[in-house]
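Subject: Structure handover

Hello,

Here is the structure I said I would pass on. My notes on it follow below.

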Amino acid sequence: MRVRHFACLRKRRSRRQARLLRVLARLLMRLGLGLLVMFFSVAAIAAETSVCYGTASDGRLEGGVPLPQEGVNFVSYSMIGRLAGRTYVHNKVRDIVVAAYAGLEKEKPGVVYKYAETGFSDGGPFKPHKTHQNGSSVDFMVPVVDQNGTSVHLPTHIFNKFGYAIEFDSVGSYGEYNIDYPAMAAHIVQLHREAASRDLHLWRVIFDPKLQKHLFETEYAEYLRANIKFSEKPSWVRHDEHYHVDFSIPCASER
Ligand SMILES: [Zn+2]
């Protein structure tokens with residue numbers, strides 16, 4: 001009886017030890033996984049931090065990030081342009097652009113947007129553009145409606161120089177497409193709001209001075225007048241099919 005009793009005790013003890021070991025192993029596993037996840041999160045954040053140098057017309061970028069190919073209410077102007085690495089920006093600019101589209105999703109459901117050229121991952125000269133060199137410039141194609149008033153994408157492909165060869169008339173019509181000024185004004189307002197919420201700014205918006213007046217006929221006129229600096233003189237290329245936005249991001253001065 002005594003022998004069996006001892007054997008029983010030993011068995012119980014070893015079962016308890018095994019259980020303890022299992023719990024310990026699980027704990028270590030969780031801790032290890034946690035550390036691993038933490039390590040990769042920190043690495044991802046570090047990898048996503050861009051540094052810009054100089055100015056938009058004479059600068060460069062380190063750690064540029066691509067704009068997403070598409071979202072619920074927006075698309076890139078071209079898969080070719082994207083694959084050629086022409087849609088990179090400073091990570092802060094990417095965050096502002098994406099958040100502005102998310103805001104428009106709620107404010108203007110059903111309205112679709114298209115962004116165009118931005119810059120290379122390491123910035124620098126970006127032909128044929130004169131700026132777009134340090135990740136702070138983004139071109140947006142004008143949002144348009146078709147003859148039924150439905151929000152559609154302006155066609156952008158190799159045969160119209162990815163949209164840049166399109167010419168709108170003096171009121172903003174091109175074939176069956178008309179510029180959707182309220183949608184465009186709402187977009188600029190959202191970009192400004194998202195920049196301001198991050199203590200950043202929009203330095204300027206370049207858009208054909210003759211077409212600009214239509215933006216001030218929208219419900220956003222007052223906000224635009226108070227917060228946005230528009231180009232006043234015609235620039236080297238007519239900005240009628242797209243508007244160019246320069247974000248004010250703190251950059252290192254040396255190149
Ligand atoms: Zn531009």
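This is a predicted model: local features need pLDDT of at least 70, side-chain atom pairs count only at pLDDT 80 or more; totals for chains, interfaces and linings use all residues.

Two residues other than glycine have a positive phi. One of them is lysine 161, with phi near 50°. Lysine 161 belongs to the loop between strand S9 (151-152) and strand S10 (173-174). It counts as exposed, because 12 C-beta neighbours lie inside 10 Å and the cut-off for exposed is 12 or fewer. The other is aspartate 199, where phi is positive at about 60° although the residue is not a glycine. Aspartate 199 is placed in the loop between H4 and strand S12 (201-206). With 7 C-beta neighbours inside 10 Å, aspartate 199 also counts as exposed.

The loop between S9 and S10 holds phenylalanine 168 as well. Is phenylalanine 168 buried or exposed? Phenylalanine 168 has 20 other C-beta atoms within 10 Å, so it is buried; the cut-off for buried is 20 or more. Not counting residues up to four places away in sequence, phenylalanine 168 touches Ser173, Tyr174, Ile179, Asp240 and Glu241. As for isoleucine 179, the separation from phenylalanine 168 is 11 residues in sequence and 8.6 Å in space, C-alpha to C-alpha.

**Overall make-up**

The protein has 255 residues, of which buried residues make up 35%. Its secondary structure comprises 6 helices and 13 strands. If you take the contacts between residues at least 6 apart in sequence, 74% of them join residues at least 24 apart.

Helix H4 covers residues 181-196, which is 16 residues. At 1.5 Å a residue H4 should span 22 Å, and its end C-alpha atoms are 22 Å apart, so the two values agree. Of the 16 residues of H4, 13 are buried, so H4 is largely enclosed by the rest of the structure.

Helix H3 covers residues 91-107. The buried residues in H3 are Asn91, Lys92, Val93, Arg94, Ile96, Val97, Ala100, Tyr101 and Leu104.

Two packed helices are described by the angle between their axes and the distance between the axes. For H3 and H4, the axes come within 8 Å and cross at roughly 130°. H3 and H4 are therefore oblique to each other. The crossing in which H3 passes H4 is right-handed. On the H3 side the contact is made by Ile96, Ala99, Ala100, Gly103, Leu104 and Glu107. On the H4 side it is made by Ala186, His187, Gln190, Leu191, Glu194 and Ala195. Sorted by class, this contact of H3 with H4 has 7 nonpolar, 3 polar and 2 charged residues.

**Two buried strand residues**

Serine 137 lies in strand S7, which runs over residues 137-141. What makes serine 137 count as buried? There are 28 other C-beta atoms within 10 Å of serine 137, so it is buried. Leaving aside neighbours within four places in sequence, serine 137 is in contact with Ala56, Thr118, Gly119, Thr131, His132, His244 and Asp246. Aspartate 246 is 109 residues from serine 137 in sequence, yet the two are 4.5 Å apart in space, C-alpha to C-alpha.

Valine 65 is located in strand S3 (residues 65-66). With 21 C-beta neighbours inside 10 Å, valine 65 counts as buried. Its contacts, leaving aside neighbours within four places in sequence, are Glu48, Ser50, Tyr88, Val89, Asn91 and Arg94. Among these, Asn91 and Arg94 are also listed as buried residues in H3. Valine 65 and aspartate 122 are 57 residues apart in sequence, and their C-alpha atoms are 9.4 Å apart in space.

Regards

Methods:
Residues are numbered from 1 along each chain as its sequence is written. Helices (H or I, at least four residues) and strands (E, at least two) are DSSP runs, numbered from the N terminus. The expected span of a helix is 1.5 Å times one less than its number of residues. Two residues are in contact if their C-beta atoms, placed from the backbone, lie within 7 Å. Axes are lines fitted to C-alpha atoms, for helices over the stretch in contact, and angles run from 0 to 180 degrees between N-to-C directions. Angles under 35 degrees count as roughly parallel, over 145 as roughly antiparallel, 65 to 115 as roughly perpendicular and the rest as oblique. A crossing is left-handed if the near helix is turned anticlockwise from the far one by less than a right angle, and right-handed if clockwise. Ala, Val, Leu, Ile, Met, Phe, Trp, Tyr, Cys and Pro count as nonpolar, Asp, Glu, Lys and Arg as charged, and the others, Gly among them, as polar.
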